[in-house]
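Here is a short tour of one protein chain, written for reading alongside the model. Keep the sequence and the 3D view open as you go.

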Amino acid sequence: MPAAQRSQVEPALVALRGFLHRHATLGASAAPVAIAFSGGADSTALLLGALRIWGPERLRALHVHHGLQSGADIFADHVRQRCAAWNVACAVLPVQVRAQRGDSLEDKARDARYQALGAAARGLGCDWLLLGHQADDQAESLLLALLRGAGPKGLAAMPEATQRNGLWLGRPLLACSAEVLRQSLDAWSPPLPYLRDPMNHDPAFRRSRIRHELLPVISRLEPGWRSTLARSAALCAHAAASIEEMAALDVARCTTHEGLRLDALRELGDARLSEVLRLWLRQAGLRSSHGQIDNLRRQVRASERGAMDLQVRLGGAILERRGGSLVRVRSAD
């Protein structure tokens, strides 16, 4: 435990207790709890709150070292020192981020980070991996999605809890601002150390520009922007869940052992047809853009007028018409 004295209530601890109340499976589990620990203020506050609840024996701190900045070794050393001081088991996970021309380095780094954290947490027997995302991160994610032209699913931003490949991902701090978390660490005597990621101030990254250029303007227009944007994200999450529930029913109704029935697809309106195609492709492990869905929907409509050639190449697969009434997926050569 930290050899320091508190001078105020820890917001991360309060948030964690609320999270435990809402997600009873975490409190009931006897498995170790994984904490994504970058060494920054948010994950430091999260780890500190987790120490208060579970003690060091139950915790497994995981740090991703992707080498994308010159100070990556400094972060890894800091994490090891903090965990040693608090008697928390720690693993530093080296990853390589491979981004091709046109790829988003931020997206590739995020995917690699989640993959490494998930594999490590499952390997340690954890049921839950807790992440330090907070209210500012949630607002930035919503604005990034809005600028990409995302729909309700994208605008829902980050869920508080979700399950991936048998592992629960939890974000207990989504109601806490970054400033409040930093203040809670600075209020200790002496202040608890944490590091600042220089990539958060790099204008080459869109998220950084939103944080330092756009959010100050929004803050002047709407002082309660964190809660209002969080409410918008929650409403979009509810809408996305309803849309996906309807799409799942439509997919089940349209599906045969070969693929999707074209006649059943054509009975759907454009919005429902688009969602069915999007969900069906995602279930097959295929990502699709808005333009690709529009193209495929037009071809499905054209099949009613006798158009026989229905073929769309999508990633590593081909979608095509078979037998005049079916669309199915097969691997591309």
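How many helices and strands does the secondary structure of the chain come to? There are 13 helices and ten strands, taken as DSSP runs (helices H or I, at least four residues; strands E, at least two) numbered from the N terminus. Please note that this is a predicted model, in which local features need pLDDT of at least 70 and side-chain atom pairs count only at pLDDT 80 or more, while totals for chains, interfaces and linings use all residues. Residues are numbered from 1 along each chain as its sequence is written, and side-chain values use heavy atoms, leaving out hydrogens and water.

An automatic or database assignment sets the domain bounds:

| Domain | Residues |
|---|---|
| domain 1 | 11-134 + 156-200 |
| domain 2 | 257-330 |

The C-alpha centres of domain 1 and domain 2 are 40 Å apart, and the C-alpha trace of the chain spans about 75 × 45 × 40 Å along its principal axes.

Of the 333 residues, 45% are buried, meaning under 20% relative accessible area with a 1.4 Å probe, protein chains only. A nonpolar core is a set of buried Ala, Val, Leu, Ile, Met, Phe, Trp, Tyr and Cys residues joined through side-chain atoms within 4.5 Å. The largest one has 32 residues, and Leu26, Ile35, Trp54, Leu59, Val88 and Leu130 have the most contacts inside it. Helix H3 (41-54) is among the elements that give two or more residues to this core, and H3 gives the most, with eight. Leu130 touches (heavy atoms within 4.5 Å) residues including Leu16, Phe19, Trp54 and Pro172. A second, separate core of 23 residues includes Val251, Cys254, Leu262 and Val300.

Definitions and conventions. Buried < 20%, exposed > 50% of the residue type's maximum accessible area, 1.4 Å probe, protein only. Lists of a residue's contacts leave out its neighbours within four places in sequence.
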